[in-house]
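Welcome! Here is a short tour for anyone meeting this protein for the first time. Please take a look at the sequence and the model, then read on.

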Amino acid sequence: MPDPTGLELIAQELRERDAESVLATDHFRGKAAITVTAGSIRETLEWLRTKGFKFLASVHGVDYFPEEPRFGVHYEMLDMTEVDRLTVKVRVPLENPHVPSVTEAWPTANHQEREVYDMFGVIFDDHPDLRRILMPEDYEGHPQRRDFPMGGEAILFTHNEPRLPGWWQ
């Protein structure tokens, strides 16, 4: 992981390329993260590729409910030569959850972006095949959103036996 100084140097170079692109940096428990605007994600990842972060290990969604912007998309970048890891974060609001797709430059993002779309409802603009990947096409809702109804049945544990006597009958 880039140390805090290295992270700030990366952020400064990104700001020199586009003054509005970097929103925040965070170095917590040895993990470096940089938050950028949704519109600059393609350029940011391409620039990081030139700096050695050539492996997009993961793209995943996050629901920050009740905060706004509500949704996050995290890109885990690896530099296999220096053995460095950097998380690039994008936040988008519930009303306009659009992020440019990075599938053209990073083919591994194809199915991962589809999963984020399926589970959280984040729309990846210019994705070559944006459709559900885990849930049926006619499924309503996005099951990993924090406000998604849980449903299900009460589960009997020994501590709630007195409260639900005879539940099995």
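## The protein as a whole

The accessible surface of the protein comes to about 10100 Å², and 53% of that belongs to carbon and sulfur atoms; such areas come from the Shrake-Rupley method with a 1.4 Å probe, and for residues only the protein chains shown count as cover. This is a predicted model, in which local features need pLDDT of at least 70 and side-chain atom pairs count only at pLDDT 80 or more, while totals for chains, interfaces and linings use all residues. Residues are numbered from 1 along each chain as its sequence is written, and side-chain values use heavy atoms, with hydrogens and water left out.

You will find three helices and seven strands here (DSSP runs numbered from the N terminus: helices are H or I, at least four residues, and strands are E, at least two). Their order along the sequence is α-β-β-α-β-β-β-β-α-β.

## Helix 2 and its cover

In helix 2 (residues 41-50), the buried residues are Ile 41, Thr 44, Leu 45, Trp 47 and Leu 48 (buried means under 20% relative accessible area, exposed over 50%, partly exposed in between, with a 1.4 Å probe and protein chains only). Seen down the axis of helix 2, they fall within an arc of 160 degrees, so they line one face of the helix; the arc is that of the directions from the helix axis to the C-beta atoms.

Their cover includes helix 1 (4-17) and strand 2 (31-36). After helix 2 comes Gly 52, with a positive phi near 110 degrees.

## A look at Phe 65

Phe 65 sits in the loop between strand 3 (55-63) and strand 4. Its relative accessibility is 37%, so Phe 65 counts as partly exposed.

Conventions:
Contact means heavy atoms within 4.5 Å.
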